[in-house]
Structure formats: C-alpha cells, structure tokens
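Hi everyone, thanks for making time.

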Amino acid sequence: MAGNPRTFADVQRTVLSCHKESTAEDKMSFYDSWSELYEQDVMFLDYRAPLLVAESLAAVLHEDRDKALVLDVACGTGLVAVQLQRLGFRNLHGVDGSEGMLELARSKSVYQTLQKCMLHTESLPASSGSYDVVVIVGALSEGQVPYTILPELHRVTKPGGFVCMTTRTSTSNQLYKKQLQAVIEKMEQKGLWERVGVQEIEHWEKSTSVHEDEQDSKYISGIIYIYRKSRCQD
C-alpha cells in the first residue's frame, strides 16, 4: 500500500490542469506523466463516457460488429476499446499523441494496431475512406483536441460509415461546445454527413470545479453525437 493514497483533491488538480492551454508537446508530456494514474483517476470521477459511447454505437450497428473496422482517436489507455470489444467489435485501431498512454493501451491487447499521432498538428495516419466507425471520446474540449479535427475524422471514414464524438456540456466548456456544434452543423449543411443521433447525458462525470457544481449536482453533463458520412461524396 502506498503511504499517500490518491485523493479526490489530487484528481481535481490533475483534471483542471489537463484543460489548460499549452503547447502540443507540453500537453503530451503531461499525459505521459499522468498515464499510470489515469484509469484510477477516471474511476474517482465515475467517468461513464466509454461505456455509454460503446452502447450507443452498438445500438446503431446491429449486425456484423465483428467485421466493422473502428478507429479510436485519442484512444488513451484503451477504455473505449475495452467496452467496444465487450459488445462485439473486434477490429480496433487506436491513435494517440502520448506514448505513455499508448503503452498502457497495448497492454490490454484489444487493438490490432496502435500508432502515435500528434492530433493538434498531424493528419490521421490513415487513407481516406478507411474506417467503418471513427470515434473520439473525452478529447474534444477546451485545452485538448481542437474541433478543427472534424474534417479529418470525416476524411478517414468510409462513405456510409459512422463518426461518434463527445464533449462536455458543463459551464466551462460552453464556448468550445458552441464552436464544435457550429462545425458539425456546417458539415451537415454541406451534405458531408447526416445526423443519426444526439444523446445528452446528465451524469457524465463528477465535477472537478465548484463553478460547475450546478443545481446541487455533483456531476457535470455531456453529449454524444453520432453522424453518418454521406455515401456520395464529391
């Protein structure tokens, strides 16, 4: 047993730090240093997004989940892939900018491939139209992956394939969410994809900020977007 067990205050400080603006290199260094404690910390937060996203995708893909090729963007330690595998998805590829996170993801043996990719500055390491499903969970928020990545998510998805995205809907993330939704809607208006479902989740994770402790709730809210890429692309 460690002499100084992790406390919620420790988790709170770490989570608040991860949303601060910094260079891409500093951000990845932060995630490398956090990787060993990451899963313990998200358990503290009762972080439900990986399970909820997997269930949402399973509800859309009723058949042949074992044949669907899935790209898990900003895959972290593999929490989403574990839930997807549990529900019958078998062909899982992951990308992340943190080597520390990727090492832990490899240890789970749920991915067929894992690649390092600096999502802030690099294109996704995949050809256009490669994946049946592209998912990004927990990374689209202030101080993390910019919403400008959406065209890249769309690019690597097969025509008729699905893109699943999440973000927090808490007070501190409202500006980012507004900007994200503007890009989503603009792409929809251009006929690049169509909305399959949008699910708002009241209890996304425990709040780490007193400013987000709204209506006497200890949780912040979040949202899951699922869009289907148009089959006909110019």
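Before I point at anything: when I say strand, I mean a DSSP run of E with at least two residues, and the numbering goes from the N terminus. And keep in mind that this is a predicted model.

Okay, the sheet. It's an open one built from 7 strands, with mixed pairing, and if you read across it the order is S3-S2-S1-S4-S5-S7-S6. At the edges you've got strand S3, residues 113-116, and strand S6, residues 193-206, and each of those pairs on one side only. On average, neighbouring strands here are turned by 15° against each other, ignoring direction.

Now look at S5 and S7. Strand S5 covers residues 157-168, strand S7 covers 219-229, and the two run antiparallel, paired over 7 bridges. Thr166, for instance, sits opposite Ile224 in S7.

Then there's helix H3, residues 49-60. It lies across S4, S5, S6 and S7, and it runs at about 30° to S7.

The residue I want to zoom in on is Trp204, which is in strand S6. So is Trp204 buried or exposed? We call a residue buried under 20% relative accessible area. Trp204 comes in at 2%, so it counts as buried.

Who's around it? Leaving out residues up to four places away in sequence, Trp204 touches a list including Asp46, Tyr47, Arg48 and Ala49, plus Thr166, Ile223 and Ile224. Trp204 and Ile223 are 19 residues apart in sequence, and their C-alphas are 8.2 Å apart in space.

That's my tour, over to you.

Definitions and conventions
Residues numbered from 1 in each chain as written. Predicted model: local features only at pLDDT ≥ 70, side-chain atom pairs only at ≥ 80, totals over all residues. Heavy atoms only, no water. Pairing = 2+ DSSP bridges. Helix = DSSP H or I, 4+ residues; strand = E, 2+ residues; numbered from the N terminus. Axes fitted to C-alpha atoms, helices over the stretch in contact; angles between N-to-C directions. Contact = heavy atoms within 4.5 Å. Buried < 20%, exposed > 50% of the residue type's maximum accessible area, 1.4 Å probe, protein only.
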